[in-house]
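User: I am new to this structure and would like to learn how to read its features one at a time. Could we begin with the aromatic rings and their surroundings?

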Amino acid sequence: MPIISRVGRKTPKIRILNFLIHFVLILGAVTMIFPFLMMISTSFSSSVDSKQFSLYPKFWFDKDLQFRKYVAVRYNEESAQMISQYKNLYRSFDEIDLTQSISKQFYQDWCEFIKNADLDEYDYFISQQSGRGIYPLNDRKFREILKKESGGEIDVFNQKYGFEIQSWEEIISEEKNILSRNFSIGNSRFAKRYQQFKQDHNWQQKVFASVDGYFITNLLKQVYKDDLKFLNEELNTDYKSWSQITIPGKLPENKLQPLWKNFAKYQLNISQISVSKEAKPEWQKHLKDKYLIISTLNEAWNSNFNNFFEIDFPNSAKVTGAEKLDFTSFLESKVNPENLILNSVENQFRAFLENKYKTIAALNNAWQPGYRSFSEIRLPTEFSEKNLSLIADRNEFLRQKNILQNYVNLSPAAAKPYRNFLLEIFESKKNAVEEINYISTHYFDSLNEIIPSKQIPPHEAEAAIWQKFVLDSAHPALIRIDENAEIEWQNFLKNKYGNIEELNLNFKLIPQNFDEVAVDYEQIDAEIFRENRTNIVKELNKRNYVMVLDTMLYNGRAILNTLIYVSLAIATALFVNPLAAYAMSRFKLKSTYKILLFLILTMAFPPMVMGIPNFLLLKKLNLLNTFLALILPAAADGYFIFLLKGFFDSLPQQLFESATIDGAGEFRIFWKIAMPLSKPIMAVIALSAFNAAYRNFMFAFIVCQDKSMWTMMVNIYQLMQRASNGVGYAALVIASIPTLLVFIFFQNIIIRGIVVPQEK
């Protein structure tokens with residue numbers, strides 16, 4: 001019978017009460033659903049968007065964010081590698097946006113070059129091969145290949161490759177800094193198998209390392225303190241951006257020569273360097289001076305030369321052992337730098353272009369580099385160091401009165417520089433505060449309270465100081481131009497340069513010879529992304545979950561252990577607790593209530609209070625790392641016994657007396673009468689036992705430290721220690737599915753069990 005009658009529901013007060021009750025219940029449901037949706041959303045995240053909390057994964061609908069995530073996985077989440085590859089255009093993956101295609105012909109020429117070029121494994125690394133707390137696509141593929149070749153047996157793999165791993169997830173295959181002098185592929189069986197795996201990939205899965213970018217990042221930026229203006233002054237050059245710098249294949253004749261020598265002789269991997277034939281006598285003399293007799297060299301090199309004059313330069317990409325050490329020593333100490341040749345991918349590409357187009361004018365006509373019209377030039381609302389000419393034009397644009405008054409905003413970070421500027425003008429803190437208070441509508445007690453206006457102040461005197469600070473003192477990074485000034489910006493450039501060709505020449509966007517042609521890896525990555533966007537997004541969606549399932553299904557017995565543990569826990573709870581409750585209900589012992597009170601008192605203490613005593617007891621019984629260790633401490637539950645005893649007490653005694661008269665034994669009465677009547681309560685106990693066993697982590701981790709006995713919760717905990725946030729949340733989502741399904745399909749039983757059924 002309803003608590004509120006149908007007639008009562010029609011009164012205004014009851015309707016309001018009914019609405020408020022449902023509103024509170026719905027609000028409570030939302031507070032539970034909200035964090036669950038956040039957890040699901042974050043389970044699709046990577047290192048790029050792990051801090052972007054929302055109820056849905058934003059990258060599903062944001063191409064720029066998809067591209068950022070793709071670039072991160074393409075460069076194996078190594079921002080330093082991306083910075084080198086993109087020649088200092090960006091500081092992190094968060095700054096990258098999917099740019100418009102600059103030149104389709106450039107990409108077509110690149111594809112043609114790559115498909116026909118003779119490149120080796122030192123020229124590229126594999127994308128999606130490693131990551132921070134994640135198993136990327138190609139890492140998983142390589143592991144699956146090794147599993148298949150070993151028949152899924154780790155012992156077979158260990159014997160074949162000389163490893164001693166305990167699980168497949170211990171297989172690590174990654175290559176970092178492949179252009180550095182210290183990098184070496186190795187000659188082990190595993191290394192050779194990995195190189196074969198690398199070679200079998202489509203070229204779009206390969207990242208061709210930029211020697212130009214490596215030269216800029218590891219040498220030029222270090223020597224010239226990341227200051228392009230300083231570099232131009234020292235080298236008498238006119239580079240407008242770091243991305244325009246290329247390293248020539250042979251020793252240059254300009255001021256770059258000392259840096260080129262240092263880079264080629266000591267820093268670049270020898271696989272990228274070859275030596276001209278003119279230096280062959282020097283090479284042979286170097287070897288003769290070291291080994292004296294050819295037999296000594298043959299023994300060290302494992303070769304069979306008859307004399308030193310037979311020895312040619314080795315293939316620098318294949319040389320190993322003593323031969324590699326000798327060749328490296330020759331490069332660093334003996335060779336004339338004029339005989340060195342840099343065989344970078346970029347230099348080979350430039351040679352390919354020169355052979356194809358013959359003249360730089362033909363290449364520029366095909367590629368159409370630079371801007372095609374002033375309307376393409378976006379307003380740099382925020383300061384960017386991409387191009388020195390762009391910086392100069394932006395600063396000049398700022399000085400226009402109309403722009404300064406209507407479109408310029410100061411960053412909040414300008415407060416401290418502004419105060420320092422005031423001190424320079426007024427010479428003391430006191431004078432600065434007095435002058436600002438005099439000309440401003442605000443009143444300040446101290447200099448530290450002074451904050452510059454975001455936009456130009458209305459009062460003329462204060463506006464003059466503000467303008468002087470913006471134009472003469474403030475760093476450009478503190479100044480933002482409103483995007484609504486874009487048309488004025490384009491008109492400004494048009495009035496300054498007259499035509500777009502003049503602007504392109506001033507910005508150095510059109511190469512004047514083949515040596516100036518830079519490889520735009522950002523555009524290459526963008527085109528690969530556009531061609532494979534569907535598959536890329538699918539991989540970004542599933543990779544966190546794939547790692548979790550791979551860990552649970554193929555590394556250990558977590559799922560099987562959990563299934564066995566939960567089943568035994570339910571069976572034990574449904575047997576031990578009813579027996580104890582039935583015994584106390586049927587046999588009126590004098591100490592029944594004392595026993596019941598003792599059992600209920602256990603609920604007053606947190607479960608882990610008994611953790612240490614239970615552990616010590618199980619250790620003495622030699623039960624650690626067994627299912628008995630998990631089940632026995634929780635076999636009897638005070639609350640379950642109390643609940644069942646109350647129910648058994650409510651049953652009519654005539655039932656038991658009739659059964660006794662009919663000759664039924666006590667166990668038969670328990671099993672055939674008491675148990676069937678208590679099904680709703682037994683269902684609640686079963687669900688509670690399932691929930692307690694399934695979520696048990698700490699105690700399971702303590703008593704079962706053997707990896708073969710880990711349950712899902714322990715496995716998830718271990719996974720989260722080394723995995724990314726997205727993988728951790730994916731594991732929690734997967735772990736929540738069983739409890740969610742139990743609640744959905746057994747909610748009627750739960751509700752029925754709340755109200756103890758009575759005998760009719």
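User: Which ring does the charged end of lysine 221 sit over?

Analyst: The charged end of lysine 221 is placed over the ring of tryptophan 242, 5.0 Å from its centre.

User: How is a pair of aromatic rings described?

Analyst: Two values are used, namely the distance of the centres and the angle of the planes. The structure holds 58 aromatic pairs, and one of them joins tryptophan 110 and phenylalanine 208 edge-to-face, with 6.1 Å centre to centre and 80° between the planes. This pair links distant parts of the chain, since tryptophan 110 belongs to helix H4 (residues 104-116) and phenylalanine 208 to strand S2 (residues 206-208), 98 residues apart. Both tryptophan 110 and phenylalanine 208 are buried.

User: What is the geometry of the pair formed by phenylalanine 157 and phenylalanine 190?

Analyst: That pair is also edge-to-face, with 6.5 Å centre to centre and 85° between the planes. Phenylalanine 157 in helix H6 (residues 154-161) and phenylalanine 190 in helix H7 (residues 189-199) are 33 residues apart, so this pair too links distant parts of the chain.

User: Why is phenylalanine 157 called buried, and why is phenylalanine 190?

Analyst: The word buried applies under 20% relative accessible area. Phenylalanine 157 counts as buried because its relative accessible area is 0%, and phenylalanine 190 counts as buried because its value is 11%.

User: Which residues form one aromatic cluster?

Analyst: The cluster is formed by Phe106, Trp110, Phe113, Tyr124, Phe208, Phe349, Phe352, Trp367 and Tyr521.

User: How many residues has the largest nonpolar core?

Analyst: The largest nonpolar core has 149 residues, and those with the most contacts inside it are Phe67, Met82, Tyr86, Trp110, Leu220, Phe349 and Leu353. Apart from this core lies another, of 41 residues, among them Ile403, Ala432, Trp466 and Trp489.

User: Where in the protein is confidence lowest, and where is it highest?

Analyst: The mean pLDDT of the protein is 87, and 97% of its residues reach 70 or more. Confidence is lowest in helix H19 (residues 429-439), at a mean of 75, and highest in helix H14 (residues 345-357), at 95. Over residues 756-760 the pLDDT is below 50, and this stretch has six contacts in the model beyond near neighbours in sequence. Where pLDDT is low, the predicted coordinates should not be read in detail.

Methods: Residues numbered from 1 in each chain as written. Predicted model: local features only at pLDDT ≥ 70, side-chain atom pairs only at ≥ 80, totals over all residues. Heavy atoms only, no water. Core = buried A, V, L, I, M, F, W, Y, C linked by side-chain atoms within 4.5 Å. Buried < 20%, exposed > 50% of the residue type's maximum accessible area, 1.4 Å probe, protein only. pLDDT = per-residue confidence, 0-100. Helix = DSSP H or I, 4+ residues; strand = E, 2+ residues; numbered from the N terminus. Contact = heavy atoms within 4.5 Å. Phe/Tyr/Trp six-rings, centres within 6.5 Å; stacked < 30°, edge-to-face > 60°. Lys NZ or Arg CZ within 6 Å of the ring centre and 35° of its normal.
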